[in-house]
Amino acid sequence: EKRRQLAALRAFHARHAARAPAALRRLQAVAASGGNVFAELMETVKVASLGQISEALFEVGGRYRRAV
């Protein structure tokens with residue numbers, strides 16, 4: 001199951017390699033400007049994985065670090 005999922009993810013990345021970077025940049029721009037992130041997310045998920053989206057948003061807003 002794990003190998004199948006990883007293969008599917010690699011295939012998804014390959015299919016959308018040309019469109020994902022622009023979609024992620026648009027998402028970052030909307031997040032940085034305080035725009036409607038949800039609407040942009042609905043478009044971005046068509047060409048980018050959760051990991052790609054998370055990394056893009058972390059670059060804009062940083063990572064949550066729990067204070068201990």
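Helices α2 and α4 pack with their axes 9 Å apart, at an angle of about 40°. That angle makes α2 oblique to α4, since angles under 35 degrees count as roughly parallel, over 145 as roughly antiparallel, 65 to 115 as roughly perpendicular and the rest as oblique. Axes here are lines fitted to C-alpha atoms, for helices over the stretch in contact, and angles run from 0 to 180 degrees between N-to-C directions.

The model is predicted, so local features need pLDDT of at least 70 and side-chain atom pairs count only at pLDDT 80 or more, while totals for chains, interfaces and linings use all residues. Residues are numbered from 1 along each chain as its sequence is written, and side-chain values use heavy atoms, with hydrogens and water left out.

**Overall make-up**

- The protein has four helices and zero strands; helices (H or I, at least four residues) and strands (E, at least two) are DSSP runs, numbered from the N terminus.
- The order of elements from the N terminus is α-α-α-α.
- The C-alpha trace spans about 35 × 35 × 15 Å along its principal axes.
- Of the 68 residues, 22% count as buried, where buried means under 20% relative accessible area, exposed over 50%, and partly exposed in between (1.4 Å probe, protein chains only).
- Among contacts (heavy atoms within 4.5 Å) between residues at least 6 apart in sequence, 63% join residues at least 24 apart.

**α2 against α4**

- The crossing of α2 and α4 is right-handed, a term used if the near helix is turned clockwise from the far one by less than a right angle, with anticlockwise giving left-handed.
- On the α2 side, the contact is made by A20, L24, L27, Q28, A31 and A32; on the α4 side, by Q52, I53, A56, L57, E59 and V60.
- These contact residues comprise nine nonpolar, two polar and one charged. Ala, Val, Leu, Ile, Met, Phe, Trp, Tyr, Cys and Pro count as nonpolar, Asp, Glu, Lys and Arg as charged, and the others, Gly among them, as polar.
- Q28, placed in helix α2, is buried, with a relative accessible area of 18%.
- Beyond residues up to four places away in sequence, Q28 touches A56, E59 and V60.

**α2 against α3**

- Helix α2 (residues 20-33) packs with helix α3 (residues 37-44) at an angle of about 175°, and their axes are 9 Å apart.
- This angle makes α2 roughly antiparallel to α3.
- A23, L24, R26, L27, V30 and A31 of α2 make the contact with V37, E40, L41 and T44 of α3.
- Seven nonpolar, one polar and two charged residues make up this contact of α2 with α3.

**Nonpolar core**

- The largest nonpolar core has five residues, L24, L27, A48, I53 and A56; such a core is a set of buried Ala, Val, Leu, Ile, Met, Phe, Trp, Tyr and Cys residues joined through side-chain atoms within 4.5 Å.
- α2 and α4 (50-61) each supply at least two residues of this core.
- L24 is in contact with T44, A48, Q52, I53 and A56, leaving aside its neighbours within four places in sequence.

**The loop between α3 and α4**

- V45 lies in the loop between α3 and α4 and counts as partly exposed, at 45% relative accessibility.
- V45 touches F12 and I53, not counting residues up to four places away in sequence.
- Although V45 and A20 are 25 residues apart in sequence, they are 9.1 Å apart in space, C-alpha to C-alpha.
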